[in-house]
Amino acid sequence: MKTRWMLVIAMVAAMGLMVGCAKKEPAKPQVGNTQANQPVKTAKEGVIKLKYANFPPAPTFPCVQMERWKEEVQKRTGGKVQIDTFPGGTLLDAKGMIDGVIAGQADIGCLCMAYQPGRFVFENATALPLGIPNSKVGSLVLWDVYNKYKPESFAKVKVLTMFATAPSNIMSKKPIRTLAEVKGQMLRASGGAVEVLKAWGAEASGMPMSETPDALQKGVVQGLYTSAEVMMDFKFAELCKYVTLTETVIYPFAVVMNQKAWDTLPADVQKVMDDLAGEQCEWTGTYMDNHVKESLEWSKGKGVEIIALTPEQLAEWNKPLESLKTKWIEDAKKANLPAEQILADIKTLIEKYSKAK
Ligand code: 3IO
């Protein structure tokens, strides 16, 4: 009796294994237009396949803009281009993004410039406390200033678009109502935003967003400092019951393409992507601004308290941040950048786009 049961169990297990193997059979999409091992049904003559890598999970804004870009490119090229997206760091992770794209591990990648501040000194000028009011203005400013200077940091790739988050707020487990209450709190940020937290007296820890859910969960950090749509998209509202509206610095992002992959694209496809660049930048900014509002409303419903600061308090919070600009000017000069001119241009652009509604 016992042996018969064991036989049945063994047979069921073997069948399970066979089914498991059969499921894995369809070939993974290939870079370029290698169709050799594609199922016949999907093999279309001349279809250009591109792999687009992203580091955070699918529901977050860098991936939402990725899917929107993908749909637009596929539509505007009449199906000539097919894009396979890889959210969640499945193809390239946060810090390895641009080098992975340069090496051709992905054709396209989305990166946050705050994760390698020493490498993107120029672009991180936009992450200084300069009063960018929202994501749309920040995105347009970033894209314009990039196009004016075409910095060396992106010389090895084709830049497809750029965008910025909304200004950062503090999301924390304990309430932070005054500048004094920031002191000693272990908070997470990245790049220039870490310096902001330090200037306020926090025990700031730098890490990419993709590592943050784990750090919050484990209690390695007591909160984070970034745009507030993450309260909803990462469900941080479950852990962080307080949002302090500091509305300070943005995080700049870029979408880059492997130069060789770009060079081999037909001119009409290149035109579709070039025409989409500025539009995508503005679309993402608008999406982000609306999404932050939505997230804060949703968070209130989850019992989160939104702490507003008075104009007097904001002035007090902004004061210790002045030194960050001086420090950036020093760093930028060391990198042979026209530091003061770049900051002046950014300020002019902020004014221009803030006025234009
Ligand atoms: C961000 C990065 C990945 C997913 C959602 C996000 N919301 C804001 C950011 C900015 C950022 O890169 C960061 O690390 O805070």
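**First stop: a loop residue**

Select Met209, which counts as buried because it has 24 C-beta neighbours inside 10 Å; a residue is called buried if 20 or more other C-beta atoms lie within 10 Å of its own, exposed if 12 or fewer, and partly exposed in between, with C-beta atoms placed from the backbone. This is a predicted model, in which local features need pLDDT of at least 70 and side-chain atom pairs count only at pLDDT 80 or more, while totals for chains, interfaces and linings use all residues. Residues are numbered from 1 along each chain as its sequence is written.

Met209 sits in the loop between β7 and α6 (212-218), where helices (H or I, at least four residues) and strands (E, at least two) are DSSP runs numbered from the N terminus. Leaving aside residues up to four places away in sequence, Met209 touches Pro56 and Thr226, a contact being two C-beta atoms, placed from the backbone, that lie within 7 Å.

The buried ones are Gly192, Ala193, Val194, Glu195, Val196, Leu197 and Ala199, and they pack against β6 (186-189), β7 (203-206), β8 (223-226) and α11 (322-334). After α5 comes Gly201, with a positive phi near 95 degrees.

Keep Ala193 highlighted and show its contacts, which, not counting residues up to four places away in sequence, are Ala114, Ala127, Ser168, Tyr225, Thr226, Val249 and Tyr251. Ala193 is also, with Leu197, Met231 and Phe253, among the residues with the most contacts inside the largest nonpolar core, which has 97 residues; such a core is a set of buried Ala, Val, Leu, Ile, Met, Phe, Trp, Tyr and Cys residues joined through C-beta atoms within 7 Å. Helix α4 (residues 135-149) gives the most to this core, with 7 residues. The core lies between domain 1 (44-164 + 251-291) and domain 2 (169-249 + 295-321), because both give residues to it; the domain bounds come from an automatic or database domain assignment.

Select helix α2 (residues 61-76) and helix α9 (residues 267-301), whose axes come within 10 Å and cross at roughly 145 degrees. Here axes are lines fitted to C-alpha atoms, for helices over the stretch in contact, and angles run from 0 to 180 degrees between N-to-C directions. Where the two helices meet, α2 contributes residues including Phe61, Trp69 and Val73, and α9 contributes residues including Met273, Trp283 and Tyr287.

Gly46, in the loop between α1 (2-23) and β1 (48-53), counts as exposed because it has 8 C-beta neighbours inside 10 Å. Select Val81 as well, which is 35 residues from Gly46 in sequence and 8.9 Å from it in space, C-alpha to C-alpha.

Which phi does Lys235 have, positive or negative? Lys235, found in the loop between α7 (230-233) and β9 (242-245), has a positive phi of about 60 degrees although it is not a glycine. Glu247, in the loop between β9 and β10 (252-258), has a positive phi of about 45 degrees, and with 18 C-beta neighbours inside 10 Å it counts as partly exposed.
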